[in-house]
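User: I'm new to this one and would like to learn how to read it. Could you walk me through it step by step?

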Amino acid sequence: MSGGEGNESFEQRLAKARGSAGMDRPPSSGKPPDNSNSNAIRLAMRLGIELVAALVIAVVIGWGLDRLFHTRPWLMIAFVPIGAAAGIRNLIRAVGPGDKS
Amino acid sequence: MAGPSIDALGQFRLTTGLGPIGHAVNFTNSNEMMVVAAGIIIVLFALGLRARAVVPGRLQSLVEMIYEFVRNMCVDTIGPEGVKFFPLVFTLFSFILLGNLLGLFPYFFAFTSGIVVTLTLAIFVFLFSTGVGFYVHGFRFLKFFVPDGVPGWLLPLLVPIEIISYLSRPVSLSVRLFANMTAGHVMLEVFAGFMILLTASLGIFGAVASIVPLGLNVALMGLEVLVAFLQAYVFAILTCLYLHDAVHMH
């Protein structure tokens, strides 16, 4: 590691960007007790459902809008990629750095 | 096959409790367990806090431990404002924990294994945290769905994603608790059913061999106790996280 300062400024900029994107908790909030084993189990149980839940919600919204506007498959199809993206967003929120719960 | 078979889902069947009166008002066994859970919490705390000793006894330290655990969770996750939401989080945590644990006793009904119950709790948490967001920030809370520092032409794509991600919260919150509890109870029942099937079909050899599923069930029981605590904790801490988002908007 030669560029210690450069590294740090990059870390700072990254932290700032992440903070403004809502991907980080503020560092001021106290750290929860780090019990890595139970943390891993908890995380594993959480992730699959996070991914699917957003997709399900998106499909339900698309289906409902289709019924409303009589545009049978199209809005549902349009909402599937949005739901998938929202699922990935949920995952980033769940496993992203700083948010350990 | 005319012999015994495994009816793994029969344990989740709702029946009515409290005799004819309960039957008339559809007071189910699930409701019965909810009342029991709430009663146990109240009695536990009333008894535990009666002494009010400076040096707590066993029951008092148990009660104080639960209290401090949830309180620290609130303050750590939400921030100093978290104290205001402590009663809500504590109620949810203790109710779900007692429900999970009571469900592990034979002949007891696990009310947290019903999607109706968990979804109701989750929707309540969802509406409450959304209400808190609007109460604290007014209509500026809608900015929660608009990520900062994003070029304007991306917003029509990103805002629906954020909204769907937000709407998926009650689903993931409720399905997680429901799925964990249901899966655990089905597994326990299936392995218990193996013992009966083995004994019925293989006679004395089957009875000896059924030590294996029995041992598995013992291990599963330990896992289920862990899951009971874990899921109550996860539900409570996610409630805290959502409240954090509502209060701090990021």
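Analyst: Let's begin with the word "element": helices and strands are DSSP runs, numbered from the N terminus. Keep in mind that this is a predicted model. Going from the N terminus, chain B reads α-α-α-α-α-α-α. That makes seven helices and zero strands.

User: How much of chain B is buried?

Analyst: Of its 250 residues, 43% are buried. As for the surface, chain B exposes about 13,000 Å², with 75% of that supplied by carbon and sulfur atoms.

User: Let's zoom in on one residue. Is B:Ser30 buried or exposed?

Analyst: Buried means under 20% relative accessible area. B:Ser30 has 6% relative accessibility, so it counts as buried. You'll find B:Ser30 in helix H2, residues 29-48 of chain B.

User: Which residues does B:Ser30 touch, leaving out those up to four places away in sequence?

Analyst: They are B:Leu14, B:Phe109, B:Phe111 and B:Val117. Take B:Val117: it sits 87 residues from B:Ser30 in sequence, yet their C-alpha atoms are 9.1 Å apart. Across chain B, 67% of the contacts with a separation of 6 or more join residues 24 or more positions apart.

User: And how do I read a pocket?

Analyst: The general idea is that rolling a probe the size of a water molecule over the atoms shows where empty space is left. Here, the second largest pocket holds about 540 Å³.

User: Which element gives the most to the lining of the second largest pocket?

Analyst: H6 of chain B, with seven residues. In total 27 residues line this pocket, and B:Glu189 is one of those nearest its centre. By class, the lining has 16 nonpolar, seven polar and four charged residues.

Technical notes
Residues numbered from 1 in each chain as written. Chains lettered and ligands numbered in written order. Predicted model: local features only at pLDDT ≥ 70, side-chain atom pairs only at ≥ 80, totals over all residues. Heavy atoms only, no water. Helix = DSSP H or I, 4+ residues; strand = E, 2+ residues; numbered from the N terminus. Buried < 20%, exposed > 50% of the residue type's maximum accessible area, 1.4 Å probe, protein only. Contact = heavy atoms within 4.5 Å. Areas by Shrake-Rupley, 256 points an atom, 1.4 Å probe, with all protein chains shown as cover. 1 Å grid on protein atoms, 1.4 Å probe; cavity = no way out; pocket = protein on both sides within 12 Å on 5 of 7 lines; lining within 4 Å. Points joined across faces, edges and corners; volume = space filled by probe spheres on them. Nonpolar A, V, L, I, M, F, W, Y, C, P; charged D, E, K, R; others polar.
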